[in-house]
Amino acid sequence: MKSKKTLLVIAGIVLIIVIFLVTSYNGLVSKQENVKKNWSEVQSTYQRRLDLIPNLVNVVKGVSDFESSTLEQIATARSRAVSGQNNASFEAGNFASQTAAQDTLASAVNRMIITIEKYPTLKGTQAYAGLQTQLEGTERRIKVARNDFNESVAVFNRSVRSFPTSIAAAVFGFRAEDGFAAVQGAEKNVEIKF
């Protein structure tokens with residue numbers, strides 16, 4: 001009789017541990033998939049920016065005799081950003097390189113827009129005004145997508161590091177992820193101004 005009770009207690013403990021591991025694992029997988037989904041949204045907003053910039057450059061070229069060096073800087077920055085998009089796997093190293101490439105691109109476009117202020121004919125064209133509005137909206141989308149990504153990383157990391165879920169995370173190999181962090185010089189605004 002005593003051995004049956006001992007077996008039942010052991011079986012109950014094992015069942016509780018199994019239920020805990022299964023629910024913890026499923027919760028961690030769900031949170032990790034949310035991080036990946038939000039990373040894809042960041043990639044999507046980057047792609048929107050990359051798609052808009054050639055249109056903006058073509059409108060500028062078509063309407064004015066614009067400084068070619070500025071347009072070349074934008075083309076170079078865009079090609080670097082595109083090559084970073086091609087390696088869009090979900091890895092910590094990609095965050096820094098893509099952020100740097102995208103920030104360089106935003107800075108180059110910002111310089112172009114500031115220079116355009118000297119061209120009243122261009123400023124007044126409907127095509128330019130529409131692209132300018134779309135680009136401004138894209139910059140806001142990028143900010144929102146990065147914030148959503150960082151929030152999902154924070155939720156995932158809290159789960160990975162919190163006890164007792166940290167036990168299941170260690171057992172199944174889940175590790176804390178990196179989100180977007182401010183880079184040196186981030187206090188200087190690279191946001192495109194209109």
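The side chains of Glu-33 and Lys-36 meet in a salt bridge, at 3.9 Å from N to O. A salt bridge here is a side-chain nitrogen of Lys or Arg within 4 Å of a carboxyl oxygen of Asp or Glu, and by this rule the count comes to four. The model is predicted: local features need pLDDT of at least 70, side-chain atom pairs count only at pLDDT 80 or more, and totals for chains, interfaces and linings use all residues. Residues are numbered from 1 along each chain as its sequence is written, and side-chain values use heavy atoms, with hydrogens and water left out.

**Salt bridges**

- Glu-33 and Lys-36 are three residues apart in helix H1, and therefore separated by about one helical turn. Helices are DSSP runs (H or I, at least four residues), numbered from the N terminus.
- Glu-33 is partly exposed at 43% relative accessibility, and Lys-36 is partly exposed at 34%. The classes are buried (under 20% relative accessible area), exposed (over 50%) and partly exposed (in between), with a 1.4 Å probe and protein chains only.
- Glu-139 and Arg-49 form a salt bridge through their side chains, at 2.8 Å from N to O. Glu-139 lies in helix H5 and Arg-49 in helix H1, so the pair ties together parts that are 90 residues apart in sequence.
- Glu-139 is buried, with a relative accessible area of 13%, and Arg-49 is buried at 3%.
- Arg-158 and Glu-151 form a further salt bridge, with their closest N and O atoms 3.8 Å apart. Arg-158 is partly exposed at 47% relative accessible area, as is Glu-151 at 45%.

**Nonpolar cores**

- The largest nonpolar core has 16 residues, of which Ile-53, Leu-56, Ile-74, Leu-105, Val-109 and Leu-135 touch the most other members. A core is a set of buried Ala, Val, Leu, Ile, Met, Phe, Trp, Tyr and Cys residues joined through side-chain atoms within 4.5 Å.
- H1, H2, helix H3 (92–116) and H5 each supply at least two residues of this core, and H1 gives the most, with six residues.
- Apart from this core lies another, of 14 residues, among them Val-35, Val-153, Phe-156 and Ala-169.
- Ile-53 touches Ile-74, Arg-78, Leu-105, Val-109 and Leu-135, not counting residues up to four places away in sequence. Contact means heavy atoms within 4.5 Å.

**Ala-77 in helix H2**

- Ala-77 sits in helix H2 (residues 68–86) and is buried, with a relative accessible area of 3%.
- Leaving aside neighbours within four places in sequence, Ala-77 is in contact with Ala-101, Thr-104, Leu-105 and Ala-108.
- Ala-77 and Ala-101 are 24 residues apart along the chain, and their C-alpha atoms are separated by 6.8 Å.

**Aromatic pairs**

- The whole structure holds four aromatic pairs. Rings of Phe, Tyr and Trp (its six-membered ring) pair if their centres lie within 6.5 Å; planes under 30 degrees apart count as stacked, over 60 as edge-to-face and the rest as tilted.
- The ring centres of Trp-39 and Phe-149 are 5.4 Å apart and the planes are at 50°, so this pair is tilted. Trp-39 is in helix H1 and Phe-149 in helix H5, 110 residues apart, and both residues are buried.
- Phe-156 and Phe-174 have ring centres 6.2 Å apart and planes at 65°, so this pair is edge-to-face. Phe-156 lies in helix H5 and Phe-174 in the segment after H6, so the pair ties together parts that are 18 residues apart in sequence.
- Phe-156 is buried at 0% relative accessible area, and Phe-174 is buried at 11%.
- Ring pairs link Tyr-25, Phe-156, Phe-172 and Phe-174 into a cluster.

- Tyr-25, Phe-163, Ile-167, Val-171 and Phe-172 make a nonpolar surface patch of about 510 Å². Patches are made of residues with over 30% relative accessible area and no salt bridge: like charges are joined within 9 Å, nonpolar side chains (Val, Leu, Ile, Met, Phe, Trp, Tyr) within 5 Å. Accessible areas come from the Shrake-Rupley method with a 1.4 Å probe; for residues, only the protein chains shown count as cover.
- H6 gives the most to the patch, with three residues. Tyr-25 lies in helix H1 (residues 2–63) and is partly exposed at 34% relative accessible area.
- The peptide bond from Phe-163 to Pro-164 is cis, with omega near 5°. Pro-164 is in the loop between helix H5 (126–161) and helix H6 (165–172).
- Leu-21 and Pro-164 are 143 residues apart in sequence and 9.8 Å apart in space, C-alpha to C-alpha.
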